[in-house]
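Here are a few notes to read alongside the model. Please keep the 3D view open as you go through the points.

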Amino acid sequence: MAHSELNLDGLTPRDHAFYGLVWAGTTLTARVDQALTRHHDLPLSWFEVMLWLSVQHEPVAPSELGARTLLSRSQVSRVADSLRARGLVERVPSPTDARSVGIALTEAGRRAFAEADATRREALAEAFDDRLDDMDIAALEAVWAKLKARPEA
């Protein structure tokens, strides 16, 4: 069979843009996941939960993390249990509902997150930060905001 060069020239601009989003997400996610796992034994799903917790001032309910992350509520619970076993998060009883708990980073969790975040930034430097200027980042932020917006009823 003769070698031919594969291309996506037949795609519409919208299809090409969609494929580009999928490619970028898959490629960058794999790069970060490999770096975090190699250097910190921290899967990307764990890092994502820690990322959300790192910028909160109060403990967060697992259901809220499930709604905000790319994980289901049951996945968040499993990740939280794993992080708790490593001393990186703690469960905090809700002051308003005795049946509920929130999740918060421990001091060890904050330190581990800071180290892992530095690894994430290093892993993305060549493939993302070094290639995109501030205008590119602003354009991506505008695209994400449109894609994440809830349709008006």
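1. Let's begin with a pair of helices: α2 and α5 cross in a left-handed sense. This is a predicted model, so please read each point below as a description of a prediction. The axes of α2 and α5 come within 10 Å, and the angle between them is roughly 115°.

2. Which residues of α2 and α5 meet? On the α2 side they are F47, M50, L51, L53 and S54, and on the α5 side G109, R110, A112, F113, A116, D117 and R120. Sorted by class, the contact of α2 with α5 has seven nonpolar, two polar and three charged residues.

3. Helix α2, residues 44-54, also packs with helix α4, residues 73-85: their axes come within 10 Å and cross at roughly 85°. That angle makes α2 roughly perpendicular to α4. From α2, the residues making the contact are S45, W46, V49 and M50, while α4 brings V79, S82 and L83. Here the division is five nonpolar, two polar and no charged residues.

4. Next, have a look at H40, which lies in helix α1. H40 and T119 are 79 residues apart in sequence, yet their C-alpha atoms are 8.8 Å apart in space. Setting aside neighbours within four places in sequence, H40 is in contact with A35, R86, E115, A116 and T119.

5. Now for the largest pocket, whose volume is about 1900 Å³. Its lining is made up of 38 residues, and G25, T29, L70, W144 and K148 are the ones nearest the centre. By class, the lining has 21 nonpolar, six polar and eleven charged residues.

6. Which helix gives the most to the lining of the largest pocket? It is α1, with twelve residues. At least two lining residues come from each of α1 (13-40), α2, α3 (62-68), α5 (107-129) and α6 (134-148).

Key:
Residues are numbered from 1 along each chain as its sequence is written. This is a predicted model: local features need pLDDT of at least 70, side-chain atom pairs count only at pLDDT 80 or more; totals for chains, interfaces and linings use all residues. Side-chain values use heavy atoms; hydrogens and water are left out. Axes are lines fitted to C-alpha atoms, for helices over the stretch in contact, and angles run from 0 to 180 degrees between N-to-C directions. Helices (H or I, at least four residues) and strands (E, at least two) are DSSP runs, numbered from the N terminus. Angles under 35 degrees count as roughly parallel, over 145 as roughly antiparallel, 65 to 115 as roughly perpendicular and the rest as oblique. Contact means heavy atoms within 4.5 Å. Ala, Val, Leu, Ile, Met, Phe, Trp, Tyr, Cys and Pro count as nonpolar, Asp, Glu, Lys and Arg as charged, and the others, Gly among them, as polar. On a 1 Å grid over the protein atoms alone, a cavity is a set of points where a 1.4 Å probe fits but cannot get out, and a pocket is an open set with protein on both sides within 12 Å along at least five of seven lines; lining residues have an atom within 4 Å of a point. Grid points are joined across faces, edges and corners, and a volume is the space filled by probe spheres set on the points. A crossing is left-handed if the near helix is turned anticlockwise from the far one by less than a right angle, and right-handed if clockwise.
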